Amino acid sequence: MKNILVIGANSAIAKAVSRLYAEEHCRIYLLARDSALLAQQKQDLEIRGATEVDFAPLDVTHFSLHEAVLEQALDTLGSIDLAILCHGSLPDQARCAEHFDAALEQFNVNALSTISLLTLLGNQMIAQGRGCIAVVTSVAGDRGRPSNYVYGAAKGMVSQYLQGLRGRLYRHGVHVVDIRPGFVDTPMTGHLPKGALWSSPERIARCIVDGISRKRHTVYAPGYWRLIMAVVRAIPDTLFKRVSL
Amino acid sequence: MTPTPAAEYSPAHADSSESHSLPEPPAASARMKLHSWGRYPVTESRLHVPRSRDAIDTLLRPAADKAAVIARGLGRSYGDSALADDVMQMLALDNLLSFDEGTGHVRCAAGVSLDTLLQVFLPRGWMLPVVPGTRFVTVGGAIASDVHGKNHHGAGTFGDHVLALSLQQASGEIVQCSPTLNADLFNATCAGMGLTGIIVDATLTLRRVPGSAIVQQTVRTANLQEVFSCFEEHSGATYSVAWLDCLARGEALGRSLLYLGEHAEDGRYLAPRSRALSVPCNAPAFLLNRYSMGAFNALYYQRRTDPLARQRIEADSYFFPLDGISHWNRLYGAKGFLQYQCVIPQEAALSGITRLLQATSAAGKGSFLSVLKKFGAANAHWLSFPMQGYTLAMDFKYERSLLPFLEAMDRIVLDHGGRLYLAKDARMSAQTFRSSYPRWEDFQALRLASGADRLFNSRQSQRLGL
């Protein structure tokens with residue numbers, strides 16, 4: 001039985017991940033904004049086999065609350081074997097390009113909140129001397145593109161941060177996983193046409209749980225995105241800037 | 001298959017609850033191409049994805065005076081019953097809400113799939129009392145189509161095991177109904193094809209089984225008369241279904257392999273496995289022609305069987321053989337296919353099905369999936385398909401000559417007092433529907449009274465004049 005902390009727990013990917021850990025009879029602590037949905041999820045996970053599920057509301061942009069909320073989670077769980085961060089938001093790129101306020105809000109949600117939480121969790125894990133931190137970033141962080149560079153920059157910042165954190169925590173027996181999903185068919189993208197590259201949140205969740213158990217460092221989900229992004233990164237700027245991506 | 005530019009950068013987990021700019025998914029504005037399992041017809045629809053039961057009402061409100069909104073689950077109905085201008089996709093409402101270990105009563109949101117229920121409960125010894133030929137359907141869809149399985153003659157339909165359900169009506173009110181509470185609404189909603197409102201959640205009863213595997217016995221029969229006698233002789237079997245060679249003629253017309261099944265009594269429980277094979281793209285439709293199908297059917301019929309041998313088969317391959325191949329519907333090519341499933345009442349079944357098979361065989365149109373099954377008695381649900389008699393299901397790839405051929409098949413079905421399954425239908429006429437579903441007027445009156453007729457309409461209901 002493992003103790004698992006899930007942040008951004010109402011996202012489709014987080015739900016699918018929590019369900020897989022529920023099957024393994026884990027103890028799960030859920031954090032997200034909408035506690036009515038969390039209460040329903042608690043029921044669902046306990047029926048599926050979770051040993052015990054607790055939850056608390058958390059708005060990740062309220063940085064000052066992070067410490068208290070994480071302490072409460074730790075008190076409840078006793079120790080944390082796995083913390084998985086799944087929160088994020090899809091910005092309106094055009095609006096962010098026009099107004100810095102909009103971009104800042106997105107950096108707060110997608111990057112700075114994560115870094116605040118990682119600072120606290122990292123120190124906590126060092127004190128424990130074991131554990132795993134997994135963060136859902138995105139393939140969008142691998143290279144900036146005109147249509148999505150605010151989101152990409154925020155996710156890329158988190159990925160860079162994780163590289164450093166990984167080295168620091170390694171000395172303390174703590175593992176860090178960077179999860180980079182491609183296109184996922186979730187409620188937010190539900191109204192968009194789906195192509196061959198789209199995956200279900202359940203498939204992504206399998207990749208995540210598998211990657212964590214194998215102690216991978218960077219998990220592309222599904223794995224073929226590693227190849228796609230290698231190609232995308234290899235395109236020279238002279239060409240890349242002319243392609244509308 | 002290329003995502004639109006907007007879709008292309010929709011990042012993975014952007015649906016998080018932490019999203020500040022978009023607390024709920026936006027009312028979808030873009031239209032997208034949508035089809036169901038038969039890939040015929042294809043419509044342009046707006047897809048809405050409610051994330052909570054409250055969101056359904058919000059998404060319904062902006063609907064115009066006379067709207068066409070229909071709930072959709074996993075899209076495994078074959079025709080146009082889950083297609084409309086506005087489609088409410090229920091898959092995000094997928095929580096299990098309660099489970100009673102003592103009684104096996106499970107309450108769950110409508111978007112929960114039967115696969116999920118089997119994954120969670122079969123290892124604990126609980127089986128769904130009725131499963132259709134695929135486990136990739138939602139509870140809401142299974143109720144709306146009142147699906148049946150290989151045990152209909154003993155266990156009835158899926159809806160017969162629904163203890164209660166919550167229905168979001170056109171007024172915005174969520175109404176509880178059951179066989180005793182708001183019974184008319186319940187009987188209209190089970191098999192109601194989503195036309196009375198949106199099923200939000202349901203309470204089902206699961207059944208204890210002695211083991212998840214099936215002990216199967218296979219009986220080879222030489223013709224239709226023989227398979228009918230065999231069905232009657234084995235009416236005590238828990239599960240029975242026949243695969244039928246729809247291209248055999250003359251003496252051999254209707255030759256079949258009858259599969260009988262009982263639960264293994266070994267106390268071993270195994271959840272269905274995930275899919276291994278996939279059909280990656282549309283196959284060229286010309287591959288399926290009367291010669292290739294004739295050869296396939298003849299070979300299949302000749303497979304070795306021993307009527308006395310009993311074979312132990314895992315539940316997934318007995319109940320859901322085709323779930324092992326994802327996207328098998330692509331085998332029928334880009335234009336898609338239609339499944340024609342009818343039921344003929346007991347007394348007329350032999351002559352009716354003989355005539356249907358003669359017509360099919362003469363036209364050389366059949367394909368590899370023809371299924372014959374004995375039904376038990378009809379239930380109280382107004383638009384429920386099964387009735388005491390025999391049901392025949394056949395797949396036909398779409399081609400121009402198919403529609404007139406199926407019209408002719410309809411006349412045979414009607415002449416014998418039968419009807420067609422709405423969950424498979426993509427083309428029957430309003431007249432055919434009305435003359436074969438005797439309670440359609442009660443159904444329509446209920447829709448008028450609740451305002452459902454002004455909000456919940458599918459391509460199918462518009463075609464059927466509901």
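Okay, let's start with chain B, where four strands form an open sheet in the order 1-2-4-3, with mixed pairing; strands pair if DSSP finds at least two bridges between them. At the edges sit strand 1 (31-34) and strand 3 (69-72) of chain B, each pairing on one side only. On average, neighbouring strands here are turned by 45° against each other, direction ignored.

Before I go on, this is a predicted model: local features need pLDDT of at least 70, side-chain atom pairs count only at pLDDT 80 or more, and totals for chains, interfaces and linings use all residues. Residues are numbered from 1 along each chain as its sequence is written, and chains are lettered from A and ligands numbered from 1 in the order in which they are written.

If you want a pair to click on, B:R72 is opposite B:Q89 in strand 4 of chain B. Strands are DSSP runs of E, at least two residues, and helices are runs of H or I, at least four, numbered from the N terminus.

Now chain A. Strand 2 (residues 27-32) and strand 3 (residues 52-57) of chain A are parallel too, joined by six bridges. Here A:L31 faces A:A56 in strand 3 of chain A. Between strand 2 and strand 3 of chain A the chain goes through helix 2 (residues 35-47) of chain A, a right-handed β-α-β crossover (strands pointing away from the viewer, the path from the first strand over the helix to the second runs clockwise).

On to helix packing. In chain A, the axes of helix 1 (residues 12-23) and helix 7 (residues 201-213) come within 8 Å and cross at roughly 55°. Axes are lines fitted to C-alpha atoms, for helices over the stretch in contact, with angles from 0 to 180 degrees between N-to-C directions. So helix 1 of chain A is oblique to helix 7 of chain A; under 35 degrees counts as roughly parallel, over 145 as roughly antiparallel, 65 to 115 as roughly perpendicular, and the rest as oblique.

Which residues in helix 1 of chain A meet helix 7 of chain A? They are A:A12, A:I13, A:A16, A:V17 and A:L20, against A:P201, A:E202, A:I204, A:A205, A:I208 and A:V209 (contact means C-beta atoms, placed from the backbone, within 7 Å).

Last one: in chain B, the axes of helix 7 (residues 224-233) and helix 10 (residues 346-363) come within 11 Å, crossing at roughly 140°. That makes helix 7 of chain B oblique to helix 10 of chain B as well.

How values were computed. Contact = placed C-beta atoms within 7 Å.
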